[in-house]
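Reader: Hi! Could you walk me through this model, starting with the pocket?
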Amino acid sequence: MDLTNVSQGVQKRKLKRRVGRGIGSGQGKTAGLGMKGQYASAGARLPSGLFEGGQMPLYRRLPKRGFSHATWDKEYAVVNVGDLSEKFEANSTVDMKTLKAVRLVVGTFDGVRILGDGELTKKLTVRADHFSKSAEEKIKKAGGTTELLPKPKRPVRNKMGSKLKAIKAAAAAKAPKTS
């Protein structure tokens, strides 16, 4: 052992550089920002990672055409009926949690779709977001049940319109009746 590996692996706490604390500090006066120019003054914004020095940035050079559902599309895990009979005991309940436990579903998904490939030999209660017709028939033929999970409620739109109606109704109630 010698002095070169005494502090090897030891993380040292490096203090933050305190700028603008006088000429003697080495980072005084201009605080490392230089003499003049756009970036010397407060409030100047440094170029972002997308700035290409005045050249037209890549995200503006590429064409943007078409339409994409990607922002609101749901991604479903697909499981076949034949896989269920291999992994589950008779009279058990199959849902997203149990499918993940037996590793038929790996990853994050918005729901489960059950498809009719393969044969089902056991009575199972299956809870999923979607069943194909053949899958539903095979589950019921084996004596099991299918439970369709409820879809999430749609968001309330045009909230301001309903407020306006309430305001108008209140104003109409306050107004003196002329008869």
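Author: Happy to. On a 1 Å grid over the protein atoms alone, a pocket is an open set of points where a 1.4 Å probe fits, with protein on both sides within 12 Å along at least five of seven lines, and lining residues have an atom within 4 Å of a point. Grid points are joined across faces, edges and corners, and a volume is the space filled by probe spheres set on the points. This is a predicted model: local features need pLDDT of at least 70, side-chain atom pairs count only at pLDDT 80 or more, and totals for chains, interfaces and linings use all residues. Residues are numbered from 1 along each chain as its sequence is written, and side-chain values use heavy atoms, without hydrogens or water.

Reader: Thanks! How much space lies in the largest pocket?
Author: About 430 Å³. Its lining has 13 residues, and Lys-74, Lys-151, Pro-152, Lys-153 and Arg-154 are the closest to the centre.

Reader: And what classes of residue make up that lining?
Author: There are 6 nonpolar, no polar and 7 charged residues. Here Ala, Val, Leu, Ile, Met, Phe, Trp, Tyr, Cys and Pro count as nonpolar, Asp, Glu, Lys and Arg as charged, and the others, Gly among them, as polar.

Reader: Switching to strands: in what order do β1, β3 and β5 sit?
Author: They form an open, parallel sheet in the order β1-β3-β5. β1 (76–80) and β5 (130–131) are at the edges with a single partner strand each, so one side of each has no neighbour in the sheet. Strands are DSSP runs of E, at least two residues, and helices are runs of H or I, at least four, numbered from the N terminus. Two strands pair if DSSP finds at least two bridges between them.

Reader: How many bridges link β1 and β3?
Author: 5, in the parallel sense, with β3 covering residues 111–115. Val-78 stands opposite Arg-113 there.

Reader: Which residues of β1 are on its covered face?
Author: Ala-77 and Val-79. Tyr-76, Val-78 and Asn-80 are on the uncovered one.

Reader: What does Ile-114 touch?
Author: Beyond its neighbours within four places in sequence, Ile-114 has contacts (heavy atoms within 4.5 Å) with residues including Val-79, Leu-84, Val-126, Phe-131 and Ile-139.

Reader: Last one: which strands make up the other sheet?
Author: β2, β4 and β6, in the order β2-β4-β6, again an open sheet with parallel pairing. Thr-93 stands opposite Thr-125 in β4.

Methods: Buried < 20%, exposed > 50% of the residue type's maximum accessible area, 1.4 Å probe, protein only.
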